[in-house]
Amino acid sequence: MGNAAVPAAPAPVAPADAAHTGMGAIPYSGGVTFRVWEMFGDSVSVIGDFNGWTPGATPLARDGGSDYWSVDVPGATVGQAYKFYIPYAADPNRNPYRVDPYACSIQQSAGGMNALVASQDTLYIRGSYTTPDWNRAVIYELHIPTFSTQPDGSAGTFASALGKLPDLADMGINAIEIMPLGEFEGITSTGYNPGYIFAVEDTWGGPDGFRDFVNQAHALGIAVIVDVVYSHLAGTDLWQFDGWSASSACPYDGQATDGGIYFFDDYRAHTDFSHARFDLGRPEVCQYVFDNAMRWLNQRFADGLRFDSVVNIRAVQVNGSIVTGVPEGKTILQRINQAVQDSQGWKIAIAEDLQGDGEITAPLDGGGFGFNAQWNNNFCGSLRNATIEPLDAQRNIAGLASAIAAISNGNGFKSVIYSENHDQDDPGHWQGGRLPNLIGNGQPDSWFAKKQSTLAAAVVFTAPGLPMIFEGQEFLEHRPFPNYGANLQPIDWGLRSQFSGIRNLYRDLIRLRRNWFNNSSGLHGANTYVLPVFADNMLVYHRWDQGGEGDDVVVVCNFANQSYAGYRIGLPRGGLWRVRFNSDSSAYDAYFGNWNCFDTLADGPPLNGMPYSGSIGIAAYTCVILSQD
């Protein structure tokens, strides 16, 4: 609707600003309030199912002397389609039909996009769910369309994804991070090209489907973290929203920076992938971004947010290098984080900044950004280097040890750590692709691929930081995940049965991480000591919270194609140390060697900076986890 022949306009009704607060379409008893921000259009009216889509029939009035416009429309109801009609005399050829920037529900059709008056998010009932302590969280990143398919094999939805959540809960997953949900143009996307950040993609189930998804995830004890994109926007009706735009050229590439009132119109518009960067120097745009973050947390009851490409909010990058800061970006990020900490301190804010900048997680009161954690690509790169290299002599175990040591103690839970994610599994990314496929050189089910990819997973689940895996990783999904491709393949849930043992290996690691059996509480402690043992491609580290029986954990990872009947390591306490996990167990794969990884007595002299030592058995490319009763 909105591109058809324009009917004759009736006599205009005198506008009056609305009595009800809020932005976009706000249902009230007996009608709907509509409110929008615009500065340069000739007039504003709302058209839709409630007035025959007649321009001028329902004009909006300015709210006081502001550039916000509003009207109450008695008789309008939830579910009706609408748009704003904003003519601009300076450009009579411009399409005056504009989708509401605050629209929560959008319906795509052959004629374009229409906003729908959405149900109120406040109708959702939260229940008694509480978020996990984040040092005990295990995160699973997923993409709604590819995480599961519908019965007919078409792309997944919130409803189809719900059927897979019990399997995640059984593994011990207690947090999921969902890739962006904002409405986008077309039918295939990884979510990083949002057109409308308030709307929940209609083909996945829209806002009502998301509310049900959150409710049922919470019933299974799973927190929901939503990926939000504030670094750029795709080309939609927000571009030159009310017709106006400045005319200037980006100094870095010469492209026009003419997005209109929602976007910067100078050098700050530049990113390496778009010039549609929000103009965070305008209070109305800052409010728009702030309101969006609060909508996910306050009305849709997400348990946290993961902020995509923070570096492209706080700075200008040219060819991947920062050339100048954008202080307005830092200000809005601090404002959001301050609001969350003041009112919902149990929720988490995660930054994808990828610069290794400690200011990102530094406290707000010290001038930092105030994020709880950030993605740690240095850890990931070090771990991949230790596993992908074809020759043992090429594995930089000392570099991995340094990456682990850097995120321990005071930094223990300021990093999200992973061996796979949606970026790393993109073949266009450096070292990109699924880990089993890269290790196996195209044979993801080879012995080497299974052994070394599960060894990498063991490091993720036992190192300090917040562990995260990517959809399908737990059953050796090997096909890449192209972020910008149109042929996104769903993960193959048939592999879950084929490699059920590998899936159970992940389950056992996750349960140890979460101390399900009261014998590994050190794995959710902040303290780590990496033993100076690298010469044999051996990585050994001690994890603890308070220390003592059932707390101290020693992790031994053998990154070499060499098995040991007896390998002596330092241990923090005397007495018997029991094997809690052996990744070479034949219970996980019939071709694993089931090497004798025996319980050991710490009765030897000090070694590796530890007061005791003991001898262990460990197979090639294997992780062994020890603790005391």
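Arg306 is buried, its relative accessible area being 0%, where buried denotes under 20% relative accessible area, exposed over 50%, and partly exposed the range in between (1.4 Å probe, protein chains only). The model is predicted, so that local features need pLDDT of at least 70 and side-chain atom pairs count only at pLDDT 80 or more, whereas totals for chains, interfaces and linings use all residues. Residues are numbered from 1 along each chain as its sequence is written, and side-chain values use heavy atoms, with hydrogens and water left out.

Arg306 forms a salt bridge with Glu177, the closest N and O atoms being 3.7 Å apart; a salt bridge is here a side-chain nitrogen of Lys or Arg within 4 Å of a carboxyl oxygen of Asp or Glu. Because Glu177 lies in strand S11 (residues 175-178) and Arg306 in strand S15 (residues 304-307), the pair ties together parts that are 129 residues apart in sequence; helices (H or I, at least four residues) and strands (E, at least two) are DSSP runs, numbered from the N terminus. Glu177 also counts as buried, at 0% relative accessibility.

In total, the structure holds 31 salt bridges. Among them is the pair of Glu359 and Lys330, whose closest N and O atoms are 2.4 Å apart. This pair links distant parts of the chain, with Glu359 in the loop between strand S18 (348-351) and strand S19 (373-375) and Lys330 in helix H7 (residues 327-343), 29 residues apart. Glu359 is partly exposed, with a relative accessible area of 31%, and Lys330 is partly exposed at 21%. A network of salt bridges links Asp167, Asp170, Arg496, Arg503 and Arg511.
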